Amino acid sequence: MIPAAFGYHRAASVDDAIEALGREEDAKLLAGGHSLIPALKLRIARPSVLVDVGRIDELRYVRDDGDRIAIGALTRHAQLVADPVLERGCAVLARTAALVGDPQVRHRGTIGGSVAHADPASDLPTVLLALDADLVARGPDGERTIAASSFFTGPFETALAPREVLTEIRVPKVERGVYLKHTRRAQDWATVGVAAAVVGGSTQVALASMGPTPLRARALEDALANGADAAEAAGRSAEGTEPPSDVAGGAEYRAHLAQVYARRALEQL
Amino acid sequence: MTNVALTVNGERREADVEPRQLLVYFLRDQLGLKGTNVGCDTSSCGACTVLLDGESVKSCTVLAVQADGGDVTTIEGLAAGDELHPVQQAFQEQHGLQCGFCTPGFVMATVSLLRENPSPSEEEIRHALEGNLCRCTGYHNIVRAVEAAARAGA
Amino acid sequence: MSILGNRVVRVEDPRFLRGQGRYVENLDLEGALSVTFVRSPLGHARVNAVDASAAEELPNVQVFTGADVDAHPFGAPPPWHITAGMERPLVARDVVRFAGDIVALVVSEDRASGLDAAELVMVDYDPLPAVLSVEEAVKDEVLLFPDVGSNVANRGGADEADDGLFDGCDVVVSGVLVSQRLVAAPLEPRSAAAVLGDDGRLTLWATSQTPHTGKMVVAGLLGLDPGQVRVVSPDVGGGFGAKMIEAEAVLVAWLARRLGRPVRWTETRSENMLGLPHGRGQRLSFTLGGTRDGKLLAYRLEVLGDGGAYPALGAYLPNMTALMANGPYAIPKVETSTVSVVTNTTPTTSIRGAGRPESAQAIERAIDLFAAEAGLDPAEVRRANFVAKDAFPYATPTGATYDSGDYEGALDLLLRSAGYDELREEQRRRRAEGSGVELGIGLGAYVEISNPVGEQEFGEVEITEDGGAILRTGSHSHGQGHETTFAMIAAERLGLPVERVVVHRGDTDDVPKGTGTFGSKSTQIGGVAGRLAADAVVEAATALAADYLEASAADVTLDLGRGSFHVVGAPKPSLSWAELAAKASADGRLGELRVAHEFQGAPTFPFGCHLAVVEVDTDTGKVELRRFVAVDDAGTLINPLVADGQVHGGIAFGVGQALFEEVVYDEGGYPLTGTFVGYGFPSAAELPSFERVEMVTPTPNNPIGVKGIGESGTVGSTPAVLNAVLDALAPHGVRHVDMPCNGENVWKALREANA
């Protein structure tokens with residue numbers, strides 16, 4: 001309930017944060033805190049120092065960048081829900097932000113924090129994977145762009161280097177996109193989540209809570225590309241996945257849910 | 001220790017805090033504002049809900065250092081002297097509380113909800129309160145209280 | 001004009017609304033040390049050693065283990081007939097028997113350093129096989145108490161089954177229903193704080209529903225004269241039957257005496273999920289037989305109950321289940337047998353309903369199965385077998401005497417209010433149209449027992465110098481609104497406004513005796529005792545007023561509307577309560593206006609009928625509760641506003657069991673549902689608004705005619721929802737779904753039925 005002791009540095013800028021990460025062993029970035037602080041309280045996470053990037057207001061924005069929408073990593077979920085640029089250009093992401101946690105969580109949690117935390121059951125990373133989003137990170141060696149498909153490397157693990165700070169998320173403009181999730185209670189993590197979007201003419205589908213990371217449903221996508229209808233393609237949702245078994249659901253049930261929600265998502269697209 | 005200075009219920013407060021101190025314990029233990037309660041350890045129950053910069057947040061999931069420079073309103077800051085805030089009055093009139101432990105959290109969450117959505121439907125109310133748990137009331141009268149507060153223009 | 005029956009807003013609300021609740025965690029206690037408990041993460045293990053050296057290197061930290069704590073173990077009181085030799089040591093020594101069992105006490109200056117130090121306490125465990133199910137425990141292969149030689153903690157009912165029980169029955173149905181283990185989950189975690197006064201008296205503040213019993217327990221376990229112990233249970237944030245007095249509070253008291261300094265403790269939610277006793281955990285095997293045209297003839301109920309690691313009240317409760325086995329039905333032959341066993345899990349106790357939800361779950365399931373087998377309407381089978389309205393008092397074959405009831409009336413009122421025929425028509429239409437979402441309608445008829453042990457309660461009314469009144473009650477209040485309802489009861493008899501009657505409860509120094517609040521007994525014994533005390537004070541005041549009015553007492557009356565005494569026929573001169581009290585005080589006679597009364601009430605039997613409408617998504621299995629209609633009759637209504645609230649809360653609790661909640665253990669005996677993330681108790685988003693329909697059938701068992709309503713909602717709701725789910729799935733050939741009826745359990749049942 002009370003975290004183990006840690007040091008604290010408030011970063012004034014991204015470069016300041018990068019430097020602080022380099023100075024300390026075992027430092028962790030603190031954004032909205034709604035993934036990290038729960039872990040600190042249960043003493044699952046025990047960083048020596050927290051580098052608080054929460055005041056870097058320059059990283060809070062939603063910007064129309066032509067064929068992409070650029071979102072600052074510190075933009076809060078509640079801001080995504082209400083943003084007219086996002087609603088116009090990539091509504092599925094705004095609608096998904098409205099499903100994250102509860103209103104209190106959405107007032108604080110950030111998209112960057114959620115993405116960097118990389119919980120395989122998270123909604124936003126799953127949608128970003130379906131959208132083929134780009135994640136922009138800055139580190140001591142400068143800035144780089146990481147494709148969503150390479151970003152999530154394991155449960156709570158990402159391609160970010162220890163001293164890198166996620167600064168921006170870039171999503172394509174899509175007209176057709178839907179995210180459905182199954183929960184036991186409204187505030188629960190997704191037992192299974194399915195994100196579907198038409199990106200550059202092809203239908204892309206990603207799954208939450210069906211493996212160690214959010215996963216693209218490649219077998220389903222191939223089936224669609226080969227002319228299968230929604231039901232047939234959805235039947236292949238679980239191929240290549242390793243759904244966990246826990247109190248929210250067993251692996252078999254999850255595999256079944258993936259098929260049900262994939263079909264519904266495709267039909268709603 | 002880190003120094004924090006923030007406005008709490010309209011008053012400027014300053015203190016040295018350990019970085020690990022949660023906002024809820026800062027409010028309770030250092031400022032003596034014990035109306036905000038801790039009901040869980042997984043950010044699930046919302047009993048600790050306060051307003052930070054006008055928005056509802058779970059104060060158990062905010063570090064005191066993160067609230068530095070911020071504007072906090074707790075349950076103690078709602079009533080104007082003897083007169084209860086319309087949301088508080090609505091909860092009493094509709095019997096929206098029994099043991100009272102979750103009540104400050106629900107009241108603050110309601111204040112925030114009605115600022116963002118002054119005329120919510122029952123479904124919207126229930127979803128807006130999904131982050132606040134109550135074991136006594138079954139929520140029926142809490143929903144009635146929110147509706148009554150909305151009608152009163154709270 | 002009586003105030004009873006009016007919707008009166010609660011007088012206790014302002015402090016809760018303003019954040020001034022007097023919860024134990026909010027207590028200001030100068031110089032108090034903090035205690036953190038080190039608990040076993042394993043369900044069953046030998047404890048080889050506890051190494052506190054690293055912990056004690058932290059400044060101002062002291063660690064105590066079982067060897068240090070010289071206190072008696074916690075045993076079950078004799079009336080519960082629990083097997084001897086299964087008592088709980090306050091701190092485990094050689095063996096831990098459940099995840100949560102306390103192995104060490106870490107004392108520190110504050111909570112944060114206590115958690116830091118507790119992490120450093122190294123305990124050397126040798127894991128033992130953990131017995132986690134009643135089926136496993138009853139085999140007696142792995143014994144929790146080898147010296148006892150068996151895992152059986154309690155037995156009741158018939159020793160041998162009567163083979164001829166179902167002779168003459170055309171239709172016989174059987175089933176097994178598991179009333180799964182639940183947690184109480186009051187929003188307030190437990191706290192305790194203790195101070196040893198300079199006079200040697202111990203004061204213990206505790207989150208307890210039963211401060212007076214708690215005082216006796218603390219005194220007994222610590223070897224103290226009860227007169228040297230004061231227990232204060234101020235505002236308590238929900239109890240639901242689980243917050244009595246447990247090892248932790250006793251240990252806090254022990255520490256305060258040992259250290260000579262105040263000590264306090266507040267648990268985390270995770271600790272609460274392990275350490276606060278659990279509920280339900282009964283495996284119910286039922287068989288119901290009757291004639292083809294729907295007359296029930298015989299019922300057998302076998303209960304295998306889970307007492308948890310250290311059996312106490314929870315191990316006794318199957319006897320309560322058995323007592324209420326036949327529910328509201330006049331079944332001529334009823335045979336019950338109960339066995340409770342110990343398992344390597346958190347001990348169980350009474351939680352909301354305490355045995356009666358279990359019996360209702362079984363009989364209501366049995367009735368629906370019987371109806372389906374006989375091809376009869378489930379509502380009509382109930383109607384045909386209810387105890388008749390004119391049959392009260394009704395002695396059941398199980399040994400209960402139902403006081404008053406109108407079970408058919410409740411059913412009729414419910415069916416009318418719910419529009420039952422229209423609902424069935426909608427169901428027919430939707431089934432004909434065919435869709436993946438099935439509509440289900442379920443009934444839960446019930447009778448339950450409140451004040452189950454027929455207890456006695458204390459009430460005292462004292463007129464104060466300013467002409468107001470204090471009502472001291474041995475009942476407690478942790479959400480039930482007794483500060484308002486008891487005030488209403490006394491105010492009505494005194495002719496005072498409700499706000500002028502202040503209810504005192506929870507402090508054993510202020511209120512000399514009491515039994516606390518649980519079992520829905522408080523109003524019918526504590527409220528009644530308060531009424532009788534008020535009547536006695538009125539009698540004394542009338543005599544006193546007569547003196548001042550220079551008349552005889554027989555000629556003086558209390559005008560209830562005005563709250564003043566006068567000679568009959570002559571409205572003036574009169575003495576208001578304030579005037580009378582002032583005069584009496586000046587004459588040193590105010591003490592005459594302080595009278596206590598104790599009232600013992602026989603158990604009473606609230607009853608009702610619930611209807612649930614669910615929609616089941618047959619693709620995902622997810623169940624949504626669309627509508628819930630409840631008729632609950634607990635006799636005379638004191639304050640319908642408060643009664644509504646009690647029913648709503650009870651319904652939510654019961655729906656939680658039907659659809660969302662269960663405790664699940666891993667192989668080692670640690671709960672996978674040990675936080676509010678894993679344990680699914682519902683939010684407002686999971687529930688609809690409820691339609692409560694009032695019905696009043698007074699009891700002859702007390703002067704007010706009131707029964708207890710606190711648990712009614714819980715008893716009828718679980719069966720109504722379960723039956724609704726099964727009704728929805730009947731066309732798919734499903735006859736059973738494990739509770740909770742979450743998506744996965746429903747999906748599994750559908751899969752099995754289609755296999």
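**Exercise 1.** Seven residue pairs (both at pLDDT 80 or more) are in polar contact between domain 1 of chain B and domain 2 of chain B; describe the rest of this interface.

**Solution.** 

Step 1, the terms. The model is predicted: local features need pLDDT of at least 70 and side-chain atom pairs count only at pLDDT 80 or more, while totals for chains, interfaces and linings use all residues. Residues are numbered from 1 along each chain as its sequence is written, chains are lettered from A and ligands numbered from 1 in the order in which they are written, and side-chain values use heavy atoms, with hydrogens and water left out. A polar contact is a pair of N or O atoms within 3.5 Å; within protein, one must be able to donate a hydrogen and the other to accept it, and residues adjacent in sequence count only if both atoms are side-chain atoms.

Step 2, the parts. Chain B is divided into domain 1 (2-77) and domain 2 (86-151), with bounds from an automatic or database domain assignment. Their C-alpha centres lie 21 Å apart.

Step 3, the extent. In domain 1 of chain B, 18 residues are in contact with 15 residues of domain 2 of chain B, contact meaning heavy atoms within 4.5 Å. The two domains bury about 1200 Å² between them, 59% of it on carbon and sulfur atoms; buried area is the accessible area (1.4 Å probe) that two parts lose on being put together, summed over both.

Step 4, charges and composition. Strand S3 (49-52) and S4 of chain B each supply at least two residues of the side of domain 1 of chain B that touches domain 2 of chain B. Helices (H or I, at least four residues) and strands (E, at least two) are DSSP runs, numbered from the N terminus. By class, that side of domain 1 of chain B has six nonpolar, 10 polar and two charged residues.

**Exercise 2.** Locate Gly69(B) in chain B and decide whether this residue is buried or exposed.

**Solution.** 

Step 1. Gly69(B) sits in the loop between strand S4 (55-58) and strand S5 (71-73) of chain B.

Step 2. The relative accessible area of Gly69(B) is 62%, so the residue is exposed; the classes are buried under 20%, exposed over 50% and partly exposed in between (1.4 Å probe, protein chains only).

Step 3. Apart from neighbours within four places in sequence, Gly69(B) is in contact with Ala5(B) and Leu6(B). From Gly69(B) to Ala15(B) the separation is 54 residues in sequence and 12 Å in space, C-alpha to C-alpha.

**Exercise 3.** Characterise the interface of chain A and chain B.

**Solution.** 

Step 1. On chain A, 30 residues are in contact with 34 residues of chain B. The two chains bury about 2600 Å² between them, and 57% of this is on carbon and sulfur atoms. Met1(A), Gln104(A) and His107(A) supply 25% of the area that chain A buries against chain B, more than any other three residues.

Step 2. Two salt bridges are counted between chain A and chain B. In a salt bridge, the side chains of Arg10(A) and Asp68(B) meet at 2.9 Å, N to O.

Step 3. Strand S1 (7-10), helix H2 (36-41), strand S3 (49-52) and helix H6 (103-108) of chain A each give at least two residues to the side that touches chain B. H6(A) gives the largest share of that side, four residues.

**Exercise 4.** How many residues of chain C are in contact with chain B, and how many of chain B with chain C?

**Solution.** 

Step 1. The counts are 54 residues of chain C and 48 residues of chain B. About 4100 Å² is buried between these chains, with 55% from carbon and sulfur atoms.

Step 2. There are three salt bridges between chain C and chain B. Arg135(B) forms a salt bridge with Glu661(C), the closest N and O atoms being 2.8 Å apart.

**Exercise 5.** Why is helix H8 (residues 123-131) of chain A largely enclosed by the rest of the structure?

**Solution.** Nine of the nine residues of H8(A) are buried, so the helix is largely enclosed. Among them are Asp123(A), Pro125(A) and Leu131(A). Just after H8(A), Asp132(A) takes a positive phi of about 60°.

Terms used. A salt bridge is a side-chain nitrogen of Lys or Arg within 4 Å of a carboxyl oxygen of Asp or Glu. Ala, Val, Leu, Ile, Met, Phe, Trp, Tyr, Cys and Pro count as nonpolar, Asp, Glu, Lys and Arg as charged, and the others, Gly among them, as polar.
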